[in-house]
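Open the model in your viewer and keep the sequence panel beside it. This tour goes from stop to stop: select, look, move on.

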Amino acid sequence: MSKDSSDKKKFKILFNFDGIKGSNPTGKLLPVADPITGLVKFYGTTISGGNYNSGSLYSYTPSTNTFSLLYNFGASGSIFNTINRNGGVNDYALKIILLN
């Protein structure tokens, strides 16, 4: 993950995916603001890596520079045993419901 620096010619690395927490992040990040604190978290997925090498669901909070691994796809009994570039299993949309 990276962001533009002020001079628009360089990027700042925010997080390096190490394979254990996922690899090959894909798709758009979903920004969600906490209604109480106002902190914005970005949610995203990877197409590989994680505990089962089937991708992961993660969040990143820029204001605290905090990365959180939320879910490893591919666990025994998992509804989503793989994800792909088109989003979801078998090219169908992947729907993620975030509950407090």
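**Stop 1: a pair of serines**

Select Ser 59 and Ser 68. Ser 59 stands opposite Ser 68, which belongs to strand 6. Ser 59 itself is part of strand 5. The model is predicted, so keep that in mind at each stop.

Is Ser 59 buried or exposed? Ser 59 is buried, because its relative accessibility is 2% and the cut-off for buried is under 20%. Now show what surrounds Ser 59. Beyond its neighbours within four places in sequence, Ser 59 is in contact with Lys 41, Phe 42, Tyr 43, Thr 66, Phe 67, Ser 68 and Leu 70.

**Stop 2: strands 5 and 6**

How many bridges join strand 5 to strand 6? There are six, and the two strands run antiparallel.

Asn 65 has a positive phi, near 55°, although Asn 65 is not a glycine.

Tyr 71 has a relative accessible area of 33%, so Tyr 71 counts as partly exposed. Draw a distance from the C-alpha of Tyr 71 to the C-alpha of Tyr 58. The two are 7.0 Å apart in space and 13 residues apart in sequence.

**Stop 3**

**Stop 4: strands 3 and 4**

Select residues 23-33 for strand 3 and residues 40-48 for strand 4. Seven bridges join these antiparallel strands. Find Pro 31: Phe 42 in strand 4 stands opposite.

Follow the chain from strand 3 into strand 4. The two strands form a hairpin with six residues between them. In the turn, Gly 38 has a positive phi of about 80°.

Then go back to Asn 24, in strand 3. Asn 24 also has a positive phi, near 60°, and is a residue other than glycine. Its relative accessibility is 45%, so Asn 24 counts as partly exposed.

**Stop 5: the aromatic rings**

Show the aromatic side chains. The whole structure holds six aromatic pairs. Start with Phe 15 and Phe 17: the ring centres are 5.0 Å apart and the planes stand at 85°, so this pair is edge-to-face. Phe 15 is buried at a relative accessible area of 16%. Phe 17 is buried too, at 18%.

Which parts of the chain does the pair tie together? Phe 17 is in the loop between strand 2 and strand 3, while Tyr 58 is in strand 5, so the pair links parts 41 residues apart in sequence. Both Phe 17 and Tyr 58 are buried.

Phe 15, Phe 17, Tyr 58 and Phe 67 form one aromatic cluster.

**Stop 6**

Zoom out. The chain has six strands and zero helices. Of its 100 residues, 28% are buried. The accessible surface comes to about 7,000 Å², and carbon and sulfur atoms account for 53% of that. Among contacts with a separation of 6 or more, 29% are between residues 24 or more positions apart.

**Stop 7: confidence**

Finish by colouring by pLDDT. The chain average is 75, and 65% of the residues score at least 70. Which element has the lowest mean pLDDT, and which the highest? Strand 1, residues 2-4, has the lowest at 57, and strand 6 has the highest at 91.

Last, select residues 79-86. Here pLDDT stays under 50. The model gives this stretch 27 contacts beyond four places in sequence.

Notes. Residues numbered from 1 in each chain as written. Heavy atoms only, no water. Buried < 20%, exposed > 50% of the residue type's maximum accessible area, 1.4 Å probe, protein only. Helix = DSSP H or I, 4+ residues; strand = E, 2+ residues; numbered from the N terminus. Pairing = 2+ DSSP bridges. pLDDT = per-residue confidence, 0-100. Contact = heavy atoms within 4.5 Å. Areas by Shrake-Rupley, 256 points an atom, 1.4 Å probe, with all protein chains shown as cover. Phe/Tyr/Trp six-rings, centres within 6.5 Å; stacked < 30°, edge-to-face > 60°.
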